[in-house]
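Subject: Structure for your review

Dear colleague,

Please find the sequence and structure below. My findings follow directly after them.

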Amino acid sequence: MILLRSELNNSIRVRKATPKDLEAVERIARQYWEPSVSYSVELSKDETVFIVAEKQYHVWKPTEIVGMALMWIREWNKTGYVAELAVDQERRRNGIGLRLVQELSNNAMNRGARAIIVETQPGNKEAMDFYLSNGFRLCGYNDRYYTNHPKSSKDIAIFFSLDL
């Protein structure tokens, strides 16, 4: 059965992550990167907003984690820094990423943030297109953000912000 975008959105619930979600969160993250944070530690931090998107099936079938996001609230400059945002590769382009961003935005506003900031690399055109098409604007770059050893690649970080 193929779900239309609107049908899939109706079956997606975004909620706070729990310890039971961590295996699925790591599975999704590893589709894109090697996790550099301890998800179990992040669950207990006050400054962390850690959410998951879960697909809800019928009563007889368990739910499935299909997306995740991790944001740190930075009190000193009243921003939310999105450290991780990922949707299961088989579930992309169905509005799940937008639902996660909306929930991050709501959480950040409720905690007094004025904007949320995301970072990606110039080669990640899909991420840049996603951010720009969902209200983010380019706000800067950093050519020293990654561990750019002289013999390694010279990747730079591109930053986007969403005013709240």
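Over the ring of which residue does the charged end of Arg74 sit? The ring is that of Tyr81, and the charged end of Arg74 sits 4.4 Å from its centre. Please note that the model is predicted.

Tyr81 also has a place in the strand pairing: this residue, in E4, stands opposite Trp72. Strand E3 (residues 64-74) and strand E4 (residues 79-87) run antiparallel and are joined by eight bridges.

These two strands belong to the sheet described next. Seven strands make up an open sheet with mixed pairing, and their order is E1-E2-E3-E4-E5-E7-E6. Strand E1 (12-16) and strand E6 (137-142) are the edge strands, each pairing on one side only. On average, and with direction ignored, neighbouring strands of this sheet are turned by 25° against each other.

Two helices may be described relative to E3. Helix H2 (residues 22-29) lies across strand E2 (48-55), E3 and E4, and runs at about 85° to E3. Helix H4 (residues 96-110) packs on the sheet, and its direction makes about 30° with that of E3. The strands that H4 touches are E1, E2, E3, E4, strand E5 (115-120) and strand E7 (157-163).

I turn now to the aromatic residues. The count of aromatic pairs comes to seven. One of them is formed by Phe130 and Tyr131, which are edge-to-face, with 5.5 Å from centre to centre and 65° between the planes. Phe130 counts as partly exposed, at 23% relative accessibility, whereas Tyr131 is buried, with a relative accessible area of 7%.

Why is the pair of Tyr145 and Phe159 edge-to-face? The planes of the two rings stand at 90°, with the centres 5.3 Å apart, and the pair is therefore edge-to-face. This pair links distant parts of the chain, since Tyr145 is in the loop between E6 and E7 and Phe159 is in strand E7, 14 residues apart. Tyr145 has a relative accessible area of 35% and is thus partly exposed. Phe159, by contrast, counts as buried at 14% relative accessibility, because buried means under 20% relative accessible area.

Finally, ring pairs link Phe130 and Tyr131 with Phe136 and Phe160 into a cluster.

Yours sincerely

Notes: Residues are numbered from 1 along each chain as its sequence is written. This is a predicted model: local features need pLDDT of at least 70, side-chain atom pairs count only at pLDDT 80 or more; totals for chains, interfaces and linings use all residues. Side-chain values use heavy atoms; hydrogens and water are left out. Two strands pair if DSSP finds at least two bridges between them. Helices (H or I, at least four residues) and strands (E, at least two) are DSSP runs, numbered from the N terminus. Axes are lines fitted to C-alpha atoms, for helices over the stretch in contact, and angles run from 0 to 180 degrees between N-to-C directions. Contact means heavy atoms within 4.5 Å. Rings of Phe, Tyr and Trp (its six-membered ring) pair if their centres lie within 6.5 Å; planes under 30 degrees apart count as stacked, over 60 as edge-to-face and the rest as tilted. Buried means under 20% relative accessible area, exposed over 50%, partly exposed in between (1.4 Å probe, protein chains only). A charge sits over a ring if NZ of Lys or CZ of Arg is within 6 Å of the ring centre and within 35 degrees of the ring normal.
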